[in-house]
Structure formats: structure tokens, C-alpha cells
Amino acid sequence: MRAIVLEKLYNWSKIPYQKFLKKNNAWNIQIATLLDYPKGTLGNSLGVFITKHNFELQAKLESHDVFHVLTNTGITVPEEISMQFYLLGNGKRSLYLFSVVFLGLLLYPDYFKVFKKAYYKGGKALQFHQLNFLRMLHLPVQKIKTTFLIS
């Protein structure tokens with residue numbers, strides 16, 4: 001039931017969030033193009049992630065899936081919340097993030113220790129949430145993770 005509530009809120013808020021709050025440009029890239037990058041690169045890994053989960057690239061929200069790839073975070077609702085805690089620890093600030101963190105604590109208090117651990121892991125990494133990942137698609141994922149201390 002908790003997951004259904006958060007999924008409905010996400011589906012309700014996604015389009016206004018993309019349209020009115022996200023100021024970055026959409027990448028305008030196809031999944032097939034991502035899959036053409038060499039294996040192990042951010043581009044290929046992103047394409048594999050999207051394909052594996054039967055997702056589509058969401059305009060202006062592409063970095064979200066990159067965060068999944070770089071932090072090796074799954075896609076269950078508690079994992080999504082955990083990733084937002086990781087990003088909070090890494091210095092990211094947004095209305096969406098604060099909303100997810102608040103609702104996550106409210107609806108998933110039993111995951112508090114998991115969220116706290118993710119927050120501290122994000123704090124140990126060098127800030128990477130603000131990077132232009134479109135320009136980094138050709139780089140090996142492992143090099144990015146090592147450079148920014150992402151674990």
C-alpha cells in the first residue's frame with residue numbers, strides 16, 4: 001500500500017515537475033544510441049539499465065537514471081527513497097528530493113537505518129549530482145565512480 005501511494009504521487013507530479021521546475025535541456029538521445037557506446041561506459045550502462053527495466057528516457061530527468069547506474073541502486077520504492085537520501089548526503093537540494101525524503105520517512109520508518117546509511121555514503125562521495133552527464137557518456141562508469149568516490 002505504501003508503494004502504491006508513492007507511485008501515484010510520482011505519476012501525478014512528474015509532468016508538472018518536468019515542465020515547470022526542471023530548467024535543464026532534454027538530452028534528445030535514443031536508447032539505441034546509448035547502447036552503441038562501448039561496454040562499461042556510462043552511455044552503454046545507462047542504455048542497459050533502461051532496457052533491463054523496460055523504461056523510457058524521461059525528458060529533463062535523464063540524470064535520475066544515471067544516479068541509479070552510478071550508485072548501483074535498484075528500482076523498488078525503498079531503493080528509490082534510499083537513492084534520494086544518498087543524493088541529499090551528496091549535497092543535492094530540490095523540492096522533489098525533499099518531498100521524497102519526507103514521505104519516505106513518513107511511510108517507511110522501518111527503513112530509517114537504510115536511509116541513514118545511504119545519506120552517509122552520499123556524504124563521503126565527492127559532489128557529483130550536478131555534473132553534465134550527457135558530456136560524460138563516453139567515460140567508463142568505474143572511472144567516474146573512482147574519481148568521485150561513489151560507493
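The largest nonpolar core of this predicted model has 34 residues, and those with the most contacts inside it are Leu-42, Leu-46, Leu-70, Phe-128 and Phe-133. A nonpolar core is here a set of buried Ala, Val, Leu, Ile, Met, Phe, Trp, Tyr and Cys residues joined through side-chain atoms within 4.5 Å, where buried stands for under 20% relative accessible area, exposed for over 50%, and partly exposed for values in between (1.4 Å probe, protein chains only). At least two residues of this core are supplied by each of the helices H3 (42-52), H4 (62-71), H5 (77-89), H6 (95-107), H7 (112-124) and H8 (141-147), and the largest share, seven residues, comes from H5. Leaving aside its neighbours within four places in sequence, Leu-46 is in contact (heavy atoms within 4.5 Å) with Trp-27, Leu-34, Asp-65, Val-66, Val-69 and Leu-137.

Residues are numbered from 1 along each chain as its sequence is written, and side-chain values use heavy atoms, with hydrogens and water left out. Because the model is predicted, local features need pLDDT of at least 70 and side-chain atom pairs count only at pLDDT 80 or more, whereas totals for chains, interfaces and linings use all residues.

The chain contains eight helices and zero strands, the elements being DSSP runs numbered from the N terminus (H or I of at least four residues for helices, E of at least two for strands). Of its 151 residues, 40% count as buried, and among contacts between residues at least 6 apart in sequence, 64% join residues at least 24 apart. The chain exposes about 9100 Å², of which carbon and sulfur atoms supply 60%, with accessible areas taken from the Shrake-Rupley method with a 1.4 Å probe.

In helix H6, the 13 residues should span 18 Å at 1.5 Å a residue, and the end C-alpha atoms are 18 Å apart, which agrees; the expected span is 1.5 Å times one less than the number of residues. The buried residues of H6 are Leu-97, Val-100, Val-101 and Gly-104. Seen down the axis of H6, these buried residues fall within an arc of 100°, so they line one face of the helix, the arc being that of the directions from the helix axis to the C-beta atoms. The buried residues of H6 pack against H5 and H7, while the face turned away from the buried side carries the exposed residues Leu-95, Phe-102 and Leu-106.

Aromatic rings of Phe, Tyr and Trp (its six-membered ring) pair if their centres lie within 6.5 Å, with planes under 30 degrees apart counted as stacked, over 60 as edge-to-face and the rest as tilted. By this rule the count comes to eight aromatic pairs. The rings of Phe-67 and Phe-128 have their centres 6.1 Å apart and their planes at 70°, so the pair is edge-to-face; Phe-67 lies in helix H4 and Phe-128 in the loop between H7 and H8, 61 residues apart, and both are buried. The rings of Phe-85 and Phe-115, by contrast, have their centres 4.9 Å apart and their planes at 5°, so this pair is stacked, and it links helix H5 with helix H7 across 30 residues. Phe-85 is buried at a relative accessible area of 7%, and Phe-115 is buried at 0%. Ring pairs also link Phe-67, Tyr-86, Phe-128 and Phe-133 into a cluster.
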